[in-house]
Protein chains: 2
Amino acid sequence: MTQRKVISFDTIRVACKNCSLSQLCLPMGLSPEDVERLDAIIKRSRPLHRGDHLFRGGERFRSLYVVKTGSVKTYAPSEEGGEQVLGFHLPGEIIGLDAIDKSCHACSAKVLETSAICEVPFQRFEELAASIPSLQHQMYRLLSKEIGQDADMLLLLGKKNAEERLAAFLTSMSSRLSRRGLSPTDFYLSMSRHEIGSYLGLAVETVSRLFTRFQEDGLLRVDRKHVEVLDLPALEMMAGSPPSNTHQQRSN
Amino acid sequence: MTQRKVISFDTIRVACKNCSLSQLCLPMGLSPEDVERLDAIIKRSRPLHRGDHLFRGGERFRSLYVVKTGSVKTYAPSEEGGEQVLGFHLPGEIIGLDAIDKSCHACSAKVLETSAICEVPFQRFEELAASIPSLQHQMYRLLSKEIGQDADMLLLLGKKNAEERLAAFLTSMSSRLSRRGLSPTDFYLSMSRHEIGSYLGLAVETVSRLFTRFQEDGLLRVDRKHVEVLDLPALEMMAGSPPSNTHQQRSN
DNA sequence: ATTGACGCTTGATGCATGTCAATCTGAGTT
DNA sequence: AACTCAGATTGACATGCATCAAGCGTCAAT
């Protein structure tokens, strides 16, 4: 009994200071003592499973959530059954930032595969941030980054065609996964073709055809959810301007 | 000489506490003393004119900007001359939030008509916010609100057709203007058809045809930049779910 | 193994919207 | 007033992608 308790405690509770994501997450740039203080307010639940909700649209906002392992999608139930996917969230990414304003969730968040999630009670976090300037700054940066990424997405949906959209989606997945230490060219997609289409503003059929075409063109090897990127530079080129941060272009 | 100086001082310098936008802007919910402290760090320049830039993509980020009167567009120069309009900013709205993350502006901001703008040096603001909890909270809310609005825009670009997009644009302008005390049904658009199209992900010609059609259908009266909304409810209906916050729909 | 359900793929067709081109309008400018 | 020029409108046409429809692989339950 005592034995099991110790084991499960070790398994579930990974302190921020030992978390492999701390360089991507809230603790970035904090002193060890401040990380301890942050750590103390974070709740860690048992792993969640495919289909579980972190929250649903309309619920009161209490916490932010950080993906530790696995993946989550956020979506807005649109009129009549259909749902618009708003984003996919990989380890190290924060969910719920849009709900601070109204203290109420406008969208829902559902886990796509077995995932470990950290819960950050927002009110306590806000109090803590007020006394740790670098944490406050980090929080501003995270909110700002989200806004910047949304702007990229607006550009994608406003100006790019189907091919460019899927290429951008794949290169984005690639770079986000590699930043977390995973292969940038060999990965599993945890979301369905339908969800990818919804996210990119395309029909399922279009997504499917493009996967086929990319494979025919030697850019990818695809089997179901498994993707091997064979020609990443070509995909980045196709995706448009921001391939990664490898080459800046000077504006004059 | 002394006379002129006094006059221009009165004209340009409108303290936050006397600003008609204070209920929409940063001072919201602050005590009079705290408003004074905020007021002390804000820079107010002479009016800017059509075509002037607040900042350009690539420049170092130093300040946020708040539109006091007039209007501003933000845009990203896309490859080869074309520009993607990212947003239009009306009085009370804050510009530059996306640049906090990288301390560098990713987009440019250009004023569309003669405008008065408040400049908020961000570093000093951040220091101030650390010592005024309600200001810090207000800042989180503003950042969060921006993220929520971007999500609405993603939904618009991802799922809506041309008619719904223009209807959403017009109802958004209407509600934002009316919240600032202007008529919700009679206003001037400071941006060109081309800029509207870029913002909505549509060709200029499509925008123009829709204006014509809306007028034929008795929804609007349009003359050049002057718009009179004749049937606001119909436009809101056409725009999709969020007409305004007048009627909530219960989710079950 | 059989069944059914679901997600994915592939083909055929139509439409909304982009593109190209011509004309029109209004605001300056000389 | 005549000229100029950018923006706006309108029409004709082309096409990318959605839609509809059918078939196929995969997995879970029985």
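## Interface and selected sites of a two-chain predicted model

Chain B and chain A bury about 3,600 Å² between them, with 60% of it on carbon and sulfur atoms. Buried area here is the accessible area (1.4 Å probe) that two parts lose on being put together, summed over both. The model is predicted: local features need pLDDT of at least 70, side-chain atom pairs count only at pLDDT 80 or more, and totals for chains, interfaces and linings use all residues. Residues are numbered from 1 along each chain as its sequence is written, chains are lettered from A and ligands numbered from 1 in the order in which they are written, and side-chain values use heavy atoms, with hydrogens and water left out.

**The interface**

The contact (heavy atoms within 4.5 Å) takes 39 residues from chain B and 39 residues from chain A. Across the interface of the two chains the rule finds 2 salt bridges; a salt bridge is a side-chain nitrogen of Lys or Arg within 4 Å of a carboxyl oxygen of Asp or Glu. The side chains of Arg141(A) and Asp101(B) form a salt bridge, at 3.1 Å from N to O. The rule also finds 14 residue pairs in polar contact across the interface of chain B and chain A, both residues at pLDDT 80 or more. A polar contact is a pair of N or O atoms within 3.5 Å; within protein, one must be able to donate a hydrogen and the other to accept it, and residues adjacent in sequence count only if both atoms are side-chain atoms.

On the side of chain B that touches chain A, strand E5 (83–89), helix H3 (122–131) and helix H4 each supply at least two residues. H4(B) gives the most, with 19 residues. The residues of this side divide into 17 nonpolar, 12 polar and 10 charged. In this count Ala, Val, Leu, Ile, Met, Phe, Trp, Tyr, Cys and Pro are nonpolar, Asp, Glu, Lys and Arg are charged, and the others, Gly among them, are polar.

A rotation of 180 degrees with 0.0 Å of shift along its axis superposes chain B on chain A, at RMSD 0.0 Å. The two copies are thus related as by a two-fold rotation axis. The superposition is by least squares on the C-alpha atoms of residues with pLDDT of at least 70 in both. Because 100% of the interface residues of chain B are also interface residues in chain A, the copies meet through the same surface.

**Chain A and helix H6**

Chain A has 8 helices and 11 strands. Helices (H or I, at least four residues) and strands (E, at least two) are DSSP runs, numbered from the N terminus. Of its 252 residues, 50% count as buried; buried means under 20% relative accessible area, exposed over 50%, partly exposed in between (1.4 Å probe, protein chains only).

Gly201(A), with a positive phi near 70 degrees, follows H6(A).

| Residue | Relative accessibility | Side-chain polar contact |
|---|---|---|
| Asp39(B) | 6% | side chain of Arg44(B), 2.8 Å |

Asp39(B) is in helix H2 (residues 32–41), whereas Lys160(B) lies in the loop between H4 and helix H5 (162–179). Lys160(B) and Gly240(B) are 80 residues apart in sequence and 8.5 Å apart in space, C-alpha to C-alpha.
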